[in-house]
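Subject: Structure handover and notes on its pockets

Dear colleague,

I am passing on the structure below, together with some notes on what was found in it. Please look through the structure first and then read on.

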Amino acid sequence: MENLKLFMLMLGCKPPGRHVEQHDVFFGIASSLRDLVPEIQTFWPEPEKIHIDAWREVNAVDGYTVKIAPRSDSNPQDNKLFFINLGGYQPNKFEEQHYVVLTVQENFASASKSAKETFFFKNNHFDGANSHIDDKYGVDVDDIYNVEDILNIAQKEKYQIELIPNAGLPEDKITLGYFKLSNL
């Protein structure tokens with residue numbers, strides 16, 4: 001198995017009929033960012049217009065090393081990697097603010113609880129405009145997913161995310177900017 005990594009990308013595109021750029025988060029497994037281009041183009045309905053606004057090679061989360069391994073039913077893990085999209089508001093800003101959280105937790109409830117402890121969740125709301133995580137699982141959270149569940153079907157069938165305790169890991173580098181897929 002080549003040196004596979006988990007990537008997290010913020011994709012952007014201005015679909016026909018829209019007035020502003022739209023965004024979505026994409027997770028994929030590959031050896032390099034360039035190797036993900038076909039999956040990115042399948043993921044987004046307007047593949048010729050899509051670009052990357054941010055990306056991260058996910059190596060470390062909450063004191064765990066993130067590794068990609070062949071799918072195996074013989075090694076179930078108690079913890080899972082969760083992606084949470086928090087939404088909130090600030091007075092006199094004509095937009096919803098967002099904050100992305102990756103966390104290692106046992107279940108959706110503990111992931112939601114962890115997200116609600118963030119500075120963003122506690123400080124991006126005011127009377128009548130509460131911060132939130134979309135109400136997906138009976139909890140007050142914008143969007144919350146087990147990352148393995150939102151990988152494309154071929155990757156879900158072939159790989160699994162292993163979380164290995166490893167304290168003192170450096171934070172992952174986040175790369176920001178406007179990146180055309182054709183330039184990767």
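A pocket here is an open set of grid points with protein on both sides within 12 Å along at least five of seven lines, and its lining residues are those that have an atom within 4 Å of a point. Please keep in mind that this is a predicted model.

The largest pocket holds about 510 Å³ of space, and its lining is made up of 19 residues, among which His23, Asp24, Val25, Phe26 and Phe83 lie nearest the centre. At least two lining residues come from each of strand 2 (22-30), helix 1 (37-43), strand 6 (80-88), strand 7 (97-105) and strand 8 (143-146), and it is strand 2 that gives the most, with five residues. Sorted by class, the lining of this largest pocket comprises 11 nonpolar, five polar and three charged residues.

The second largest pocket has a volume of about 410 Å³. It is lined by 17 residues, and those closest to its centre are Arg56, Ala60, Asp62, Leu102 and Glu171. Strand 4 (60-61) and strand 7 each supply at least two residues of this lining, with strand 7 giving the most, namely five residues. The lining of the second largest pocket divides into nine nonpolar, four polar and four charged residues.

With best wishes

Conventions:
Residues are numbered from 1 along each chain as its sequence is written. This is a predicted model: local features need pLDDT of at least 70, side-chain atom pairs count only at pLDDT 80 or more; totals for chains, interfaces and linings use all residues. Side-chain values use heavy atoms; hydrogens and water are left out. On a 1 Å grid over the protein atoms alone, a cavity is a set of points where a 1.4 Å probe fits but cannot get out, and a pocket is an open set with protein on both sides within 12 Å along at least five of seven lines; lining residues have an atom within 4 Å of a point. Grid points are joined across faces, edges and corners, and a volume is the space filled by probe spheres set on the points. Helices (H or I, at least four residues) and strands (E, at least two) are DSSP runs, numbered from the N terminus. Ala, Val, Leu, Ile, Met, Phe, Trp, Tyr, Cys and Pro count as nonpolar, Asp, Glu, Lys and Arg as charged, and the others, Gly among them, as polar.
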